[in-house]
Every structure is written in C-alpha cells, then in structure tokens.
Amino acid sequence: MKKIRVLVVDDSALVRSLLAEIINRQQDMECVGSANDPLIAREMIRELDPDVLTLDIEMPRMDGIDFLGRLMRLRPMPVVMISTLTERGAEVTMKALELGAVDFVAKPRIGVADGLSELSTQIVEKVRIAAAAHIKRVVAAPAFFSPAAGGAVPTRAPVASIGRVSTEKLICIGASTGGTEAIKEILTRLPADSPGIVITQHMPPGFTTSFAARLNSLCQITVQEAVNGERILPGHAYIAPGGKQFRVDRSGANYVAVVEDGELVNRHKPSVEVLFKSAANVVGRNAFGIMLTGMGNDGARAMREMKDAGSYNFVQDEASCIVFGMPREAILHGAADEVLPLTAIAPALIAKLSSATDRYRV
C-alpha cells in the first residue's frame with residue numbers, strides 16, 4: 001500500500017514532533033520531513049515531493065498565508081492548515097481556505113501537547129481527505145482580499161432581481177470539505193430578494209462567526225450566524241453555528257431557526273442531516289435543496305426525504321468538487337433533480353425561482 005507522504009511545516013519544535021508522531025503511527029501515512037519556516041519548506045517540497053502539507057499560520061521569515069498563496073499559484077498541492085483557535089486565527093483560516101487550503105485543524109493556545117493528542121483522529125482524517133482532494137491552481141487574487149491592504153473588499157457585484165417570490169420558499173444548503181468557497185460561489189450570485197437561506201457547513205465552534213462576516217461583506221443578501229428562535233427572513237442567509245445543531249421550524253406563518261446543543265449526527269455537529277430532515281418535515285415542496293462538496297454521507301438520506309416531500313434539489317458535480325463524497329451519496333440515494341457544476345447551480349436556482357414568480361405577477 002502506497003503511504004500518504006506528509007510534510008509538516010510549523011515553527012514550534014514541539015508541534016512538529018507531535019504531528020510527526022501522530023502521522024507516523026498510521027499504517028497508511030508517513031511524515032517525510034518537517035520544516036520550521038516556509039523558505040525551508042519550499043526546498044523540502046522540491047526535494048521530497050510530499051502528497052500533503054500541514055501548515056502553520058504564524059511563522060518566521062514568511063507567514064503561512066503568504067506562503068500558501070504562492071504555493072497554490074505555482075505548485076498546487078493539498079494543504080491542511082494548523083490554526084490557533086482565536087478570533088484572529090478564525091479570520092486568517094477563512095483566508096487560507098479561500099486561497100486553496102483543503103481544511104484546517106484548530107489547535108489550542110495552551111496545553112498544545114494534550115490538545116494535539118486529543119485531535120489526533122481529526123488530524124489524520126483530514127490528511128487522508130486532503131490526499132484524495134481535487135486541487136485547482138489559484139490563478140488570481142481572491143475576491144475577499146484587497147491586494148494593497150490585505151483587507152476585505154466591500155464591493156458587492158450587482159445581481160439581477162428575481163421578482164416577487166412566495167415567502168414560503170426556503171433554500172437549504174449542506175456542505176463540508178471545500179464548502180466555504182462553494183457556499184461563497186452560490187451566495188454571491190443570489191440577489192437581495194432571494195428567499196430565506198439556511199446553511200449547514202461542517203465547522204468547529206469559533207469559526208462560523210468569521211465565515212458569516214466574510215460572506216456578508218460580499219453578498220447582496222445579509223449573511224449571519226443562526227440564532228435560536230430568530231425568524232428566517234427573505235434576503236437573509238443563516239449559517240449553523242459551529243458545535244450546535246441547526247434546524248428549521250414553524251411559528252405560525254413564519255419559519256424560525258432552532259439552534260440547540262444536540263447529539264452528534266453522522267459524527268457531526270452541526271449536521272446536514274438535521275437541517276435537511278427538518279426541511280423535509282416543515283418546508284416540504286417549498287424547499288430547494290443544495291448539496292455541495294464534502295466527505296462522507298451526511299445529509300444524503302434527509303435530502304432524499306426532502307425530494308420525497310416535494311423539494312427541488314441541486315447537487316454539485318464531481319468535476320467541480322474538492323471532495324465528491326456527500327454529493328455522490330445524495331445522487332446514489334436518488335435525491336438529485338439536477339447534478340451541475342458549481343458555477344451553474346446559482347443560475348439554475350434563480351431560473352427555477354423566477355419561473356415560480358409568474359403566478360404572482362400582474
């Protein structure tokens with residue numbers, strides 16, 4: 001069996017040693033080297049040709065974000081970020097995902113040795129996923145950055161209005177690995193008069209606030225973390241908070257968000273299964289389902305329940321996915337009405353919504 005060859009890049013000798021030990025304990029992977037800064041890593045990549053890179057953010061001589069940007073333009077390869085669980089760490093991690101990192105692991109600020117040991121299963125799982133991911137070359141500066149200042153670009157590209165759509169309509173999105181960029185691709189193409197949107201993206205606590213804020217700076221719709229009991233409004237997107245389960249319910253004529261500390265479902269919290277199952281039960285034929293890139297099968301069965309209840313479902317195709325696991329399972333469960341490239345999903349959704357407005361026009 002060919003082992004996954006991993007290069008560890010971190011300025012901490014302790015972290016490098018711990019990550020190497022975790023990786024080398026696995027029968028299917030090996031740590032082929034470690035580097036304490038990106039300039040050394042650059043030479044080791046040329047020499048060792050690793051399959052996956054684990055990359056710290058704050059390092060001497062060149063930070064991880066600058067290095068990642070150059071790497072994904074010149075020699076794209078699977079990268080798993082090792083991010084500190086802080087507010088700034090969350091913001092920088094979102095930048096890393098936009099630049100092309102496959103996924104990230106949130107390491108603790110204190111008790112690093114015990115913390116990484118507890119995260120060992122998550123680390124090796126994400127390395128395996130990264131090794132199988134479809135990596136694309138980054139050819140331009142991402143939209144979230146101002147090249148001069150490194151800040152968010154406030155400009156929102158104009159999107160044509162849909163017209164009057166029934167407030168009963170609801171768009172439900174599920175995603176995992178690679179999903180942050182896929183969700184951005186969908187939401188930035190939707191107009192301000194879109195129906196309400198509910199989203200579950202597999203993400204740990206502390207990161208979804210930054211994710212929502214970044215999307216909100218780009219979209220015509222308002223994007224925010226879901227709050228328990230809050231009414232779900234048209235023109236708004238609600239993202240499941242990391243570490244919480246998120247579903248929709250009704251209060252009279254309105255949809256409301258239910259955010260609760262439930263059990264893991266399909267090993268996830270938040271879980272797409274929870275959100276989609278609630279949509280099948282509460283929204284029925286007024287729902288539009290969208291399954292995006294991600295590993296595993298979370299949400300596939302519930303998406304079929306949505307379809308059986310009358311929803312119209314879009315599933316991302318294999319060629320445009322970072323990881324085709326969740327979309328593949330949705331297709332195998334017969335949940336898809338259309339299987340489309342990522343860039344075609346929003347236009348197809350708008351076309352369906354626009355056709356639904358005809359009965360409301362005078």
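A salt bridge, for these notes, is a side-chain nitrogen of Lys or Arg within 4 Å of a carboxyl oxygen of Asp or Glu.

Entry 1: I am working from a predicted model. I then looked up how open each one is. Arginine 304 is partly exposed at 32% relative accessibility, while aspartate 308 is exposed at 55%.

**Entry 2: the whole count.** How many salt bridges does the structure hold? I find 19. I picked a few more to follow up.

**Entry 3: helix H2.** Here I looked at arginine 46 and glutamate 43, whose side chains meet in a salt bridge with an N to O distance of 3.0 Å. The two lie three residues apart in helix H2 (residues 38-48), about one turn of the helix. Arginine 46 counts as exposed, with 59% relative accessibility, and glutamate 43 is partly exposed at 39%. I also noted a network of salt bridges that links Arg42, Glu43 and Arg46.

**Entry 4: aspartate 28 and arginine 128.** Next I checked a pair from separate elements. The side chains of aspartate 28 and arginine 128 form a salt bridge, 2.6 Å from N to O. Which parts does this pair tie together? Aspartate 28 is in the loop between helix H1 (13-24) and strand S2 (29-35), and arginine 128 is in helix H6 (residues 120-131), so the bridge joins parts that are 100 residues apart in sequence. Is aspartate 28 buried or exposed? Its relative accessible area is 17%, and buried means under 20%, so I wrote aspartate 28 down as buried. Arginine 128, with 32%, is partly exposed.

**Entry 5: arginine 267.** My last stop was a loop residue. I found arginine 267 between strand S11 (254-260) and helix H9 (272-282). Arginine 267 is exposed, at 61% relative accessibility. What does the side chain of arginine 267 make a polar contact with? The partner is the side chain of glutamate 125, at 3.0 Å.

Definitions and conventions
Residues are numbered from 1 along each chain as its sequence is written. This is a predicted model: local features need pLDDT of at least 70, side-chain atom pairs count only at pLDDT 80 or more; totals for chains, interfaces and linings use all residues. Side-chain values use heavy atoms; hydrogens and water are left out. Helices (H or I, at least four residues) and strands (E, at least two) are DSSP runs, numbered from the N terminus. Buried means under 20% relative accessible area, exposed over 50%, partly exposed in between (1.4 Å probe, protein chains only). A polar contact is a pair of N or O atoms within 3.5 Å; within protein, one must be able to donate a hydrogen and the other to accept it, and residues adjacent in sequence count only if both atoms are side-chain atoms.
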